[in-house]
Structures are given as structure tokens and as C-alpha cells.
Amino acid sequence: MVVLGYDSTVPVTMDDMVRHGRMVSRGSSEALVVVDLPFMSYQVDAAEALRNAGRLMQEGGAHTVKMEGGVSIAGTVRRMVDAGVPVMGHIGLTPQSVNALGGYRVQGRTKAAARRVLDDALALQEAGAYSVVLECVPAPLAKVITERLTIPTIGIGAGPDCDGQVQVFHDMLGLFPDFVPKHARKYAELGSDMTRAFEWYAEDVRNGAFPSEAESFTMNERLLVELLGEES
């Protein structure tokens, strides 16, 4: 959404994610590279999910894949783990299901909804997921889930008690000023800095201050004189 300009993650394709994975894996030497399986790349059946996960690992450089959902995808997760594909789960607010959820809303605030989120977490662990992302889940519920699970929880809008945290760096750096999620904290205002830099650049071009001699290349002017003399 912050790179390709989509209004949700639903339009993202396998080709998009393979390309993203390649870019990240080329620039990474130590980090664990986790690549999301996009919408409808794993929901049809386990065989298709396994083929697409293999593509992300073989072509995209992923070390592991991430899948949204809990109880409903537990069987697929088990199939993939058994085949040697490490799976990170993602529950709570699942962006690929934004249309079904009625928007980007906190999940798990009622007793029944909290039970579903907890059941999803336990189902993913039982299926063999090595970690689970909790997105936009009330902090007290995230704390209980983290205590119940033996695998790490990674929070985004899920309070301080998860085992780890993740954020969209565009939000952290102020690169996406039109909307800042409640769970994000700005650590810089690079978007406004970039805007000012572009404005200064345009002004310098218009008034002839850029490029100057310092940004220009030279040549032996005698050779240029000889060339022009030959033309005449």
C-alpha cells in the first residue's frame, strides 16, 4: 500500500511478492526474510499453497512464508510445515480479509471475538507455525495469548507484552503523512524533509543555480576547439 499505491493488500500478486522477496534477500545478509503469501494464493487448497510457498522460497529468496488466518488454515499450515516450509502465522486484524472484516478494525474486543483470536493462535501453534503475528489485538488479550503459547508472538498494535514488535517503516519515518495508524510512533519526519529537498532542487534548477561547475564534468577545451574547427 505504501509502495505500490494500492488501497489494500488484496490486489497484490504472487509476481509482486516474488519481486519484493528478491529485492529484500539481495540486500540482506543476516536477517530472517519472511515473505507474505498474497490473497488467494493459499486459500484454494493446500497443494496450491505449497506450490506458491515453494516459489517464494526458490524464486523470491524467502527463508519462511507468512499466512493470514488461524483455525481455517491450520490444515494447510500443517501440510506446508511437513513439507519443509517454515510458516509464520498472522491473526487478529488480517489485512487480506479487510472486506470481510468491514474495515481496519481492532479484533478481539468481545468475549466471543477474543475466544476466536485465542483459538486461532493455539491452532497455528498446533499446526507447526514457528511464530505468530498479532495485529490490532487488545493488549490484555495479546498478553494472555503470549503467555499461553510456546512460540513467539510478534505484535503490531497489540501492546507491549508480545515477544517482539513489527512496524511499517514508512509510518515510523514519517514517509506516509496522509494516515498514521494509532499503533505507530513517528521517529522522524523524512517525508517533509524530502518534500523540502525536492522544492529546493526545483528552485535551483529554475534559477540556474543547479547544476553548477561543481556538479559538471570538464574536458580538454582544445579538443573541442579542434572539433568545431573541423566542422567549419
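Trainee: Hi! Where is the place of C136?

Mentor: C136 sits in the loop between β4 and α6; helices (H or I, at least four residues) and strands (E, at least two) are DSSP runs, numbered from the N terminus. This is a predicted model, where local features need pLDDT of at least 70 and side-chain atom pairs count only at pLDDT 80 or more, while totals for chains, interfaces and linings use all residues. Residues are numbered from 1 along each chain as its sequence is written, and side-chain values use heavy atoms, with hydrogens and water left out.

Trainee: Is C136 buried or exposed?

Mentor: C136 counts as buried, at 13% relative accessibility; the label means under 20% relative accessible area, with exposed over 50% and partly exposed in between (1.4 Å probe, protein chains only). C136 also has a positive phi of about 50°, although it is not a glycine.

Trainee: And what about the phi of M40?

Mentor: M40 is not a glycine either, and its phi is positive at about 65°. You'll find M40 in the loop between β1 (34-36) and α2. M40 is partly exposed, with a relative accessible area of 39%.

Trainee: Switching to the inside, which residues touch the most other members of the largest nonpolar core?

Mentor: L37, L56, M80 and L134 do, in a core of 39 residues. Such a core is a set of buried Ala, Val, Leu, Ile, Met, Phe, Trp, Tyr and Cys residues joined through side-chain atoms within 4.5 Å. Among the elements that supply at least two residues each are α1 (14-27), β2 (64-68), α3 (74-82) and β3 (87-92). α5 gives the most, with 7 residues.

Trainee: What is L56 in contact with, leaving aside neighbours within four places in sequence?

Mentor: L56 is in contact (heavy atoms within 4.5 Å) with M14, M17, V18, V35, D36, L37, G61, A62 and V65.

Trainee: Back to α5: at what angle do α5 and α6 pack?

Mentor: About 30°, with their axes 10 Å apart; axes are lines fitted to C-alpha atoms, for helices over the stretch in contact, and angles run from 0 to 180 degrees between N-to-C directions. The two helices, α5 and α6, are therefore roughly parallel to each other, the label for angles under 35 degrees.

Trainee: Which residues meet there?

Mentor: From α5, A114, V117, L118 and A121 meet L141, I145 and R148 in α6.

Trainee: Last one: where is the cis peptide bond?

Mentor: It joins F210 and P211, with omega about 0°. P211 lies in the loop between α8 (190-206) and α9 (221-231).

Terms used: Parallel < 35°, antiparallel > 145°, perpendicular 65-115°, else oblique.
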